[in-house]
Amino acid sequence: MMKPLNVLSQAVNKNVIVELKGRREYRGVLDGYDPHMNVVLRNAEEYLEGQFVRRHNLAIVRGDNVIYISP
Amino acid sequence: MMKPLNVLSQAVNKNVIVELKGRREYRGVLDGYDPHMNVVLRNAEEYLEGQFVRRHNLAIVRGDNVIYISP
Amino acid sequence: MMKPLNVLSQAVNKNVIVELKGRREYRGVLDGYDPHMNVVLRNAEEYLEGQFVRRHNLAIVRGDNVIYISP
Amino acid sequence: MMKPLNVLSQAVNKNVIVELKGRREYRGVLDGYDPHMNVVLRNAEEYLEGQFVRRHNLAIVRGDNVIYISP
Amino acid sequence: MMKPLNVLSQAVNKNVIVELKGRREYRGVLDGYDPHMNVVLRNAEEYLEGQFVRRHNLAIVRGDNVIYISP
Amino acid sequence: MMKPLNVLSQAVNKNVIVELKGRREYRGVLDGYDPHMNVVLRNAEEYLEGQFVRRHNLAIVRGDNVIYISP
Amino acid sequence: MMKPLNVLSQAVNKNVIVELKGRREYRGVLDGYDPHMNVVLRNAEEYLEGQFVRRHNLAIVRGDNVIYISP
């Protein structure tokens, strides 16, 4: 069995998709996280309803908006 | 009597349906969970309003979006 | 006086109606619960806006969606 | 001064109106409660947007949906 | 400096306006409160979107719906 | 570095704008606050969607509705 | 690995974008923060649905509205 936070731990420095409420999505490199599922993304592309919005060198995404994180 | 987390424990490595708020559904193998009902799914198909969206090799789904988990 | 969790305790192995937010309803046998009102239902029929959706052999319903549980 | 939970305590075995979010209302006898304002109602009539829906011999109503309880 | 709960304490037995989410308003005498801002109102008039709905001899209003309380 | 509550502390007795969810805004003198960002406002003007609604001699605004406070 | 709060710590005194729920955005200098991701912004421009609304010399933005902070 894999605990959710252990899976996040193994995903550090890898590409992840972070899906948020409100049809918002980030695709970037997972730089870090905390137990609330707040995540740090590097080189992250932001999409809103499937449309590219902008690129972030670094972004701290708040965990309570997260639907899923897919490594 | 079966405690909810014990039922989750017995469902590890089995196929589950995870229904989320916003008509979102995942069907895959339960890889793990934590007491917040955050779950790890393997080989998960994602559906939105009944339509197939994509497949995830691995996905961490945040518990506070969960409506039910059906083993 | 009856504490809410004591009423749940007496309803184990009996038929219950579980009404959720979003006009979602389950009718089945209460298999278990925890203090967050997460419940385990057996042989549960799921209804959405009054329409039958599907039957679950087993379902863990997350407590924070519950409006009421009626034994 | 009357603490909210003391007022609930004095309302046990009396008729109460419980108003929930989403224009949902219950009228019945207060059988019990806990500090989260989860309440147990006996012989409760359920109304949705002012229309009678059904009667519950017993219902556990989850506190986080409550707007007010009127003894 | 006045702490919010101290202001509530001084408003006991005085007329208050309690504004809730969803354009709901109560005008009555503050009978009591607790640290969650659950309040007890006496002789309270209830208004919905500015229209008078009903009068409550006594009502326990749950704090998490409160927008403001004005003594 | 300025901690958010320290900034609030320095704003006591000064004019502040308090922006709430639902396009609601208060402009008044900050009389006090607590760690939940519940605030006490004196001589506060209330605006809804930019329109003046009323004036409050004193208002306790619940912190969980706050978007920002601007001293 | 970078913890989210450490990234915030390194962003103090730098320009950040703070994206909130409801298509609200702030661009300003990060003056401080706390573990709830409440942030203090200096010289902050506020945008609503992409339109400039106003400038704040100082603003305390409540963390539970934050979607992301981008240094």
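Modeller: Let us begin with a term: a polar contact is a pair of N or O atoms within 3.5 Å, where within protein one must be able to donate a hydrogen and the other to accept it, and residues adjacent in sequence count only if both atoms are side-chain atoms. This is a predicted model, in which local features need pLDDT of at least 70 and side-chain atom pairs count only at pLDDT 80 or more, while totals for chains, interfaces and linings use all residues. Residues are numbered from 1 along each chain as its sequence is written, chains are lettered from A and ligands numbered from 1 in the order in which they are written, and side-chain values use heavy atoms, with hydrogens and water left out.

Biologist: How many residue pairs are in polar contact across the interface of chain E and chain D?

Modeller: The rule asks that both residues of a pair are at pLDDT 80 or more. Across the interface of chain E and chain D, the number of such pairs is 14.

Biologist: Which element of chain E gives the largest share of the side that touches chain D?

Modeller: Strands here are DSSP runs (E, at least two residues), and helices are runs too (H or I, at least four), numbered from the N terminus. The elements of chain E that give two or more residues to the side touching chain D are strand S2 (24-33), strand S3 (39-48) and strand S4 (51-61). The largest share, 6 residues, comes from S4(E).

Biologist: In S4(E), which residue is the bridge partner of Ile69(D)?

Modeller: Two strands pair if DSSP finds at least two bridges between them. Strand S5 (residues 66-70) of chain D and S4(E) pair in the antiparallel sense over 2 bridges. In S4(E), the partner of Ile69(D) is Ile60(E).

Biologist: What is the area buried between chain B and chain A?

Modeller: The size of an interface is often given as the accessible area lost when the parts come together. Buried area is counted with a 1.4 Å probe and summed over both parts. Carbon and sulfur atoms give 54% of the area between chain B and chain A, and the total is about 1,800 Å².

Biologist: Which three residues supply 36% of the area that chain B buries against chain A?

Modeller: The contact (heavy atoms within 4.5 Å) takes 23 residues from chain B and 22 residues from chain A. Three residues of chain B supply 36% of the area that chain B buries there, more than any other three, and they are Arg54(B), Ile60(B) and Arg62(B).

Biologist: With which residue does Arg54(B) form a salt bridge?

Modeller: A salt bridge is a side-chain nitrogen of Lys or Arg within 4 Å of a carboxyl oxygen of Asp or Glu. The count between chain B and chain A is 4 salt bridges. In the one formed by Arg54(B), the closest N and O atoms are 2.7 Å apart, and the partner is Glu25(A).

Biologist: Is Asp31(A) buried or exposed?

Modeller: Asp31(A) lies in strand S2 (residues 24-33) of chain A, and its side chain is joined to that of Arg42(A) by a polar contact of 2.6 Å. Leaving aside neighbours within four places in sequence, Asp31(A) is in contact with residues including Val12(A), Leu58(A) and Met1(G). Buried means under 20% relative accessible area, exposed over 50% and partly exposed in between (1.4 Å probe, protein chains only). Because the relative accessible area of Asp31(A) is 11%, Asp31(A) is buried.

How values were computed: Buried area is the accessible area (1.4 Å probe) that two parts lose on being put together, summed over both.
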